[in-house]
Structure formats: structure tokens, C-alpha cells
Amino acid sequence: MAPARPAGLQAADPQVGQTLRFDGVDWEVTDHSSYWDASGYRVTEWCCESADTEAYLLKEVKEGEPTRWFFTRSIPAAAVTGPGGDAVTKRPSGAETPPATLTYDGESYRYAETTDGTYEEEPGQRTGKATWEYWDAAHLRNLAVEVWPDGRIDCYRGTYIEPGQVTLTSAAAARAEDATTPAARRIAPAARPGRTWTLVANPFLAAAVAFPLAYAVAFVTGRPFDQSLAAALGLAGIAGWLFGLLGAPRAGGLVLLGAPALAVGFWRFPPLTSAVGLAALVAAPAAVAWLARAGRRGPVLYAATTVVAAPALGVGLYHYFRFAPEPHRLEQLGLALGPAVIGGVVACLVAALVLARVEAGAE
């Protein structure tokens, strides 16, 4: 018997125990609460958990205005800083005035308003709560600071969403769906929302699909094997980079800046046979991962891999086609491609370690 078709927020509100799928991640709805103020503004909140990450789906209702949905993730309050660089948790005792700006993960947010209201987690269990609302320059991403009567501060970052972006299933239906869905079509839930790899923004998948297509076109037009391979690798790399821009535009920009510089460096200092080249092979992906850490994990890893592999590939193929004795042999081509392959693998591992350290430090 086929599992029940998932329903969206247009059909019904979530219930505790259901599985909520948003942004390619399955979240378990674990709690339900509400919040309101004297002006008639009311928020219904559902706590959503995935692995060790906590998030909230909010339903905002105000008389005379359309219902709006909001999805926000918990962030470490100690990592949210004010204009002086101090964490928002270190504000002076009794200081209730919100700072004009706050910074989190390298991005600045400007104060918009404060909501003073009543929070109810269980029927009859009520307490006051003040929420400082901040928005980024584009007014797309929100940073909320919740100030509780006991002095505790919680911080969240999120954005408004469309109800059609969320699907709801029971826990049993979610398991049945995963059991009957081909593995190639499933999007695996990750340990963190930032590690979501949707099909539309997975640059590794885009490059893998583009490679055989590009090779076939080059080969059918009569180009030799090595020329077809070189063209396919280049076009596949560009395709992956373009898809990576969807999830990490900053990382894509770093590739445009860093790859030409590394190409010049690798020309004089080969990455696998010189100390300078080896240092650059490690430092470049680490820098990309650190500077672009706010983007999606997959695109950031792809960018860190590409910033090393692309220049190494270009230098290697130039030497191969320009200087390798003819007739060209497979071992010559292997020597030309080797630094790019090895360098790309090392770069991906280095970037993954950097991202892991960053995420561990944010907990």
C-alpha cells in the first residue's frame, strides 16, 4: 500500500510527532508553544529538531493582515556581537536598549523593532519575553534576540518562507517514503541545515553530469581522446562552478580571484614537488572554506577543490600539449592530470576540516 501523500501548510498546521520537510532536510516536530502581544499580534511556534540542530517554524497572525510563515534556526548567542565587538550576552546589567547593529558570521544586521509579549509553552505556564528584531541590508534575513526575565538571551536567524516550501508527513509515512524512493532520488538529511545538498545546487553532481556530455560532443566532432578529455574537464568544472554560485556566491568569487593567482604560482612552484607549491595547495582551500563558511557546505567544498584543481589542471595540460613528445601516451597524460587530481582531493579534505572546526566552535 502506497504511503500517504505529504501535505503542505496550506492543508493543516503541523502536529507534534510529525515530520516536517523543509529545504531538503527532515525535521521532527517536538514541541508547540505560542506568543502574543497587546496589539493582537500572535505567533504559533513549532520546535523542529534534526540531529543536533534546533529550529522553529512560526505562524504569524495579525488581524487585517495575511498569515505569514517564518523558519528560523537557533544560533549561539555568544557569537552575536554588538558595535564594540562584545557578545550580546555581555551587555551591562539592566541595559535594555537594543544595540543599533549586531553582527553574526561576518554579516551585519540593523535594529528594526522590539516586541514585548507573553510566551506560553504549556497551558497556564506564561512568562514575559522581549524580542529584538534585526534585519540584513536586503531585509531578507532576520536575526532575532530573545531577552527573558531571568536575563537569559537566545538568538535565532531565519527568513520568511512560502507555505508550499514545507511538506508534512507522519513519522511512519516519512519512513515508508524513504523505503520506497530510489536512492538516487533521495536527498539525505544532514547533520546540519548548512550541509543540505539539493539537486539544484550540488556542483559536484552538475560537473559529473556535464562531463560525459561535453566529452561526447568533442569526441563526435573528431577530436582526439586527450583533447576531448581536456575540453570535457574544463567545461565540467565551469558547469559545477556555475551551479555552486547558487549555494555559495562568495565562494565562487573567491575561485575567480584565487585560481589565476595559483596558476601563476604553480607555474613556478609545482604543487607536488616544491615546498611553496605544497603550502599554497593547503592554504588556498583553507582560506576559501574560512571566508565562505556561511554558504552551503557542498558549494563551499567544490569551490575549495576548484581553486586548486583548476590551475593545476591548466598548467599540467599546457605542459602536456606543448612539451610532451609525440605520439602522446597515456602515462604522459596521467602525469599531466595527476597534480590536479591529487591537489583537488587534498583541497577538499582541508576545506572539510576547516568547516568542521568552524561548526564545532559555533556550538
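On a 1 Å grid over the protein atoms alone, a cavity is a set of points where a 1.4 Å probe fits but cannot get out, and lining residues have an atom within 4 Å of a point. Keep in mind that this is a predicted model, where local features need pLDDT of at least 70, side-chain atom pairs count only at pLDDT 80 or more, and totals for chains, interfaces and linings use all residues. Residues are numbered from 1 along each chain as its sequence is written, and side-chain values use heavy atoms, with hydrogens and water left out.

**Stop one: the cavity.** Select W241, G244, L245, A248, A251, G252, V255, P299, Y302 and A303, and you have the lining of the largest cavity. About 50 Å³ of space sits inside, a volume being the space filled by probe spheres set on the points, which are joined across faces, edges and corners. Now colour α3 (225–247), α4 (249–268) and α6 (297–323): each brings at least two residues to this lining. Helices here are DSSP runs (H or I, at least four residues), numbered from the N terminus.

**Stop two: along α3.** Click on I238, found in helix α3. I238 is partly exposed, at 48% relative accessible area (partly exposed lies between buried, under 20%, and exposed, over 50%, with a 1.4 Å probe and protein chains only).

Terms used: 1 Å grid on protein atoms, 1.4 Å probe; cavity = no way out; pocket = protein on both sides within 12 Å on 5 of 7 lines; lining within 4 Å.
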